[in-house]
Amino acid sequence: MERRSSICVSLLSVLSFLLLPASARLDPVLRLPSEISGRRLEAGGDDSVGTRWAILIAGSSGYGNYRHQADICHAYQIMKNGGLKDENIIVFMYDDIAYNEENPRQGIIINRPDGGDVYAGVPKDYVGDNVNVDNFFAVLLGDKKSVSGGSGKVVDSGPDDHIFIFYSDHGGPGVLGMPTYPYLYADDFISVLKKKHASNSYKKLVIYLEACESGSIFEGLLPEDISIYATTASNAVESSWGTYCPGESPSPPSEYWTCLGDLYSISWMEDSDIHNLRTETLRQQYKLVKTRTSVDETYNQGSHVMQYGELGINEENVFLYIGSNPTNENSTFIEDNSLPFSPSVVNQRDADLVYYWHKFRNSPEGSSKKLDAQKELFDIMTHRMHVDKSINLIGKLLFGSKKGIEVLTAVRQTGQPLVDDWACLKSMVRTFETHCGSLSQYGMKHMRFIANICNAGISKETMTKVSAEVCSQIPSTPWSSLHRGFSA
Ligand SMILES: *[C@@H]1O[C@H](CO)[C@@H](O)[C@H](O)[C@H]1NC(C)=O
């Protein structure tokens, strides 16, 4: 017992470092063209844009990840208010939040401290184990036959249609989380996008991506000539950030001990909530979101919002993709309407520690809930330390004690993909997990190291030998357990 509480105490000092307040004003002089040059011509009315489609995906499950599903529900409300029809909005969410026993407002999900319910009306197209990579790909490709479970709704699009994809979750170099294994790997995602393009079933496609190292999903991989424009919450080498977290400013209502949103996600959505998207361009939104996500360009906290693909697309109005709420038709000034303060933030990967810590602290002294919370906190710390230690040791055994760290952290040149041989990456992940247990959500951070093992030409046999040597056993925590399968 003593030992466990001291882990919590040292955890608290880590947390107080993470929770440094940060507030900053947005640049107040950003203006829309409509203000400078009178009414802006719209890029065609509803008739000329074909059908607008949206795929919204929360890649996580669990109450500690509340914020990802809250982001997705909020996005649905924006699509709906923008005029998209339910038949054209496809939602992937595990759906274990609204009625989670830890949710203080049963049946309600909020995405900001003073926000209203964003859960009402959200279609349950793909929930639970039906939120998986295969279904996502089948839905995007309009391949009804390959869908398994769920509503069966797919993007049945034609050549004039516009498609919008929004994803929010944890990630790592080259990989995005999914609540049901395996994870979503960048090379597979890019192949599916190319396939969709080859089937001539969209005019333009826009992707908004929130995850750690999300730039690595497109860097050196997304072609510039397949009519796809993407922005990401972070570049290829940094974390993205959760926000509206307990103990921060602004803080969620006191009965919540989980973060309510993610910084990049709430930035584009709170902008979309209040603006006339018929006149706002994707580039203007990108710039606003970039400023807010960088915590006013300090980058003390926050991350570098990036753009990839066919950048010319960003001259188009956001309206073309997600419509616009008619009640915002007279809203023209960005400065009038944007939230002026960047909220303080928590590193995406440490948000679960914040959650477990607050859950532990808020449970009644001596209750079984408190003991459970203590065990959860202990399990997550055990898992993290085990993964970090194993990866470090494998690095040392493969490359020597000095060079091990170098290889572990080496970043390839800008414009180069994470790894050339993606099959090697996935195979090495499985090898590691076979001997050392699941990487899980936290372990995705080490994907660059595993990619570098491939880039260095290490054989699978060597990796097997070294992994077996380093990991004599798999810790008995739910995080390390392989019962959910391999993450690759
Ligand atoms: C926008 O302004 C026009 C002209 O003043 C007005 O008729 C219209 O009702 C306004 N729309 C909204 C949604 O407030």
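Set aside its neighbours within four places in sequence, and His 170 is in contact (C-beta atoms, placed from the backbone, within 7 Å) with Gly 59, Ser 60, Gly 177, Ala 211, Cys 212, Gln 348, Gln 441 and Met 444. This is a predicted model, where local features need pLDDT of at least 70, side-chain atom pairs count only at pLDDT 80 or more, and totals for chains, interfaces and linings use all residues. Residues are numbered from 1 along each chain as its sequence is written.

**The annotated pair**
- UniProt's unreviewed entry puts "active site" at His 170 and Cys 212; such annotations may be inferred rather than shown by experiment, and the positions follow the numbering used here, with feature names shortened.
- The two span 43 residues of sequence yet cluster in space, with a largest C-alpha distance of 6.0 Å.

**Around His 170**
- Look for His 170 in the loop between β3 (162–168) and β4 (171–172); strands here are DSSP E runs of at least two residues, helices are H or I runs of at least four, and both are numbered from the N terminus.
- His 170 is buried because 29 other C-beta atoms sit within 10 Å; the cut-off is 20 or more, with 12 or fewer for exposed and partly exposed in between, using C-beta atoms placed from the backbone.

**Around Cys 212**
- Cys 212 sits in the loop between β7 (204–210) and β8 (228–232).
- It counts as buried too, with 28 C-beta neighbours inside 10 Å.
- Beyond four places in sequence, its contacts include His 170, Ser 234, Gln 348 and Lys 445.

**Whole protein**
- There are 16 helices and 12 strands.
- Buried residues make up 51% of the 488.

Terms used
Two residues are in contact if their C-beta atoms, placed from the backbone, lie within 7 Å.
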